[in-house]
Each structure stands twice: as C-alpha cells, then as structure tokens.
Amino acid sequence: MNTLIKIPVITLSLCCIFSCKTQHFETPEYGKNETEKALTIKKVHNFRAVGNIKNTEGRALKEGMFYRSANLHKLKKKSFAQIEKLGITEIIDLRNSKEISQSPDQLPDRITYKKYSAFEDEGDQLSQARKLVLKGKVNASDADKRMIDFYREYVTENPEIIKTIITEIMESEKPILYHCTAGKDRTGIVTALILTILKFDKETIYNEYLLSNNLRKPLVEKRLRLANNLHFLYPKMDLQVLEKLSWVEKRYLDAAFEEINKKYGSTDAYIQQVLGISEAKRTQYIQKFTH
C-alpha cells in the first residue's frame with residue numbers, strides 16, 4: 001500500500017484546511033432516502049443508527065442493533081448517558097494505532113472497547129503525506145486514485161482483520177457501535193459488507209453509504225469555506241484534494257466490491273471464504289437482525 005493510502009482521511013483533511021486556491025466546489029451525491037435515524041450527540045459527527053430498511057426478501061433490519069459514527073475523541077461526559085440509553089455496550093474502533101494515540105475515544109466506564117485496524121501507518125507516512133499535500137505535490141487526480149486504491153486494499157489486504165471485525169459485530173447480542181475517524185470510509189465499507197451479508201440490494205446499500213454526505217455536509221462545507229478563504233497560507237495546495245478526502249463517492253465503494261469480485265469471484269464467495277460465513281450461518285444472521 002502506498003504512502004497516501006495508509007493515512008487517516010479526515011486527519012489529512014484537517015491538515016489541509018489552511019491552504020488552497022480559490023475555486024469552484026463540486027456538489028457531492030447525497031443519499032436520497034433518509035430512512036436512518038440520525039442521532040445528535042454533541043461533538044460526535046456522522047452518528048446514526050443503521051436501520052429502517054428492507055432487504056431483498058422483504059425483511060426489515062431491526063432498529064437499534066447497529067450504530068456507526070466518526071471518532072469519539074470529543075465525546076463529553078454529559079453525553080455518556082445518551083450512549084448508554086441506546087443500549088450500546090461495546091464499541092469497535094477501526095482506526096489505526098497512531099490515530100487512536102493522537103485522538104483516543106472518551107468513553108463511559110461500562111463500555112467494552114475493542115480496536116481492529118486493517119492497516120497501520122508505518123514509517124510516519126502521515127507526516128510525509130501532509131508535507132506532500134501542503135507543497136502541492138498531490139493533486140485531485142492523485143487523491144482520487146489513492147481513495148480508490150484504499151477501498152480496494154481495505155477489503156483484501158488483511159482479510160483476517162476484516163473477518164474479526166465482521167464476526168465481532170454480527171455475533172453481538174446487544175447494540176454495538178463501530179467507527180473510524182470520519183465514520184465514512186472504513187465504517188462505510190464495514191456497513192456495506194454487513195448489509196450485503198444480510199441480503200440488502202445494491203441500491204439500499206449505496207444509499208446508506210451516501211448518507212455520510214448528508215450528515216457531514218455542514219462540517220465539510222465549513223471546512224472548505226475556511227480553506228478557500230485562507231488559501232494564501234499554502235498557495236500551492238490543491239483545494240480539490242481536501243474536497244476528495246471529505247466526501248464519499250459511489251465509485252469508491254464500487255472499487256471495494258470490484259476488488260472482491262476480481263480476487264474471489266463474487267461477494268458470496270468472499271463472504272464464505274474470507275469472512276467464514278456459511279449459507280446456514282448467513283441465514284441465522286438474517287433471522288437475528290431482521291424481521
């Protein structure tokens with residue numbers, strides 16, 4: 001995996017704020033069916049319950065089983081009660097060790113916390129990537145390619161870790177929250193895999209994925225405006241790099257599924273061979289999480 005793939009997307013985005021050239025921003029694609037329940041928890045972005053959707057068999061995903069979000073580094077103690085009220089007893093952190101050490105989750109004492117990183121930031125690649133971005137050595141096309149490469153490699157580079165993450169979530173008997181830094185890429189991929197296992201169709205899965213753009217819109221637009229206004233601080237930096245790293249795109253999730261199909265033949269084969277989920281077990285999960 002190359003240098004810029006192995007970096008926390010939102011962290012790199014933040015380092016890009018004080019840069020950029022004044023230019024036009026693209027309008028991202030938003031989720032059309034806002035079926036999920038967005039939850040407002042102070043200082044936590046992109047927090048929502050995955051639910052209120054039907055699979056190809058007409059079964060509805062049970063409410064209050066899967067929750068997803070961005071990091072919980074700024075979660076306030078006065079918000080702990082909100083997490084507990086949702087019945088969440090376990091949190092899975094998908095970030096790498098460097099991200100976690102720089103911005104550790106703030107959690108209630110009774111929460112079980114587990115971390116599973118499918119990639120690590122080795123050799124201080126984050127700092128190197130920041131320098132390249134600020135010097136204008138990375139353009140929008142580079143960023144786009146690296147995002148696609150990231151999605152491709154996330155699902156296949158460390159299959160045992162992906163299997164552990166999925167198993168941990170699917171075997172949970174109580175509501176569970178999983179997150180990464182922005183709650184859009186790694187968290188989005190994991191959610192897409194879960195919904196695929198539970199036999200939701202592509203349109204539903206992609207709509208759920210795109211809802212990150214809906215929920216992150218105020219945050220991203222504020223960041224882009226600030227970057228645009230302060231472009232003189234780092235005039236060589238390409239503002240579209242920040243833009244690419246801030247939104248999700250269908251093409252990125254396409255890249256993950258295409259890589260699965262290329263390497264394993266189909267998502268069904270991936271589910272059986274990599275995730276270790278037999279057809280019988282898959283049926284059990286469908287019965288468990290839908291009604």
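1. Let's start with Glu171, which is partly exposed at a relative accessible area of 35%. Bear in mind as you read that this is a predicted model. Glu171 pairs with Lys281 in a salt bridge, and their closest N and O atoms are 3.2 Å apart. Those two residues sit in distant parts of the chain, 110 residues apart: Glu171 is in the loop between α6 (159-170) and β6 (176-179), while Lys281 belongs to helix α12 (residues 279-289). Lys281 also counts as partly exposed, with 25% relative accessibility.

2. Next, have a look at Arg251 and Asp144. Their side chains meet in a salt bridge, at 2.5 Å from N to O. Arg251 is in helix α10 (residues 250-264) and Asp144 is in helix α5 (residues 140-154), so this pair ties together parts that lie 107 residues apart in sequence. How accessible are the two partners? Arg251 is partly exposed, its relative accessible area being 36%. Asp144 is buried, at 14%, because the cut-off for buried is under 20% relative accessible area.

3. How many salt bridges does the structure hold? The count is 20.

4. Now for a residue on the inside. Asn213 lies in helix α8 (residues 202-229). Is Asn213 buried or exposed? It is buried, with a relative accessible area of 1%. What does Asn213 touch, leaving aside its neighbours within four places in sequence? Its contacts are Pro28, Glu29 and Tyr30, along with Trp247 and Val248.

5. Finally, the chain as a whole. You'll find twelve helices and six strands in it. Of its 291 residues, 54% count as buried. Taking the contacts with a separation of 6 or more, 79% are between residues 24 or more positions apart. As for the surface, the chain exposes about 13,000 Å², and 49% of that is supplied by carbon and sulfur atoms.

Methods. Residues are numbered from 1 along each chain as its sequence is written. This is a predicted model: local features need pLDDT of at least 70, side-chain atom pairs count only at pLDDT 80 or more; totals for chains, interfaces and linings use all residues. Side-chain values use heavy atoms; hydrogens and water are left out. A salt bridge is a side-chain nitrogen of Lys or Arg within 4 Å of a carboxyl oxygen of Asp or Glu. Helices (H or I, at least four residues) and strands (E, at least two) are DSSP runs, numbered from the N terminus. Buried means under 20% relative accessible area, exposed over 50%, partly exposed in between (1.4 Å probe, protein chains only). Contact means heavy atoms within 4.5 Å. Accessible areas come from the Shrake-Rupley method with a 1.4 Å probe; for residues, only the protein chains shown count as cover.
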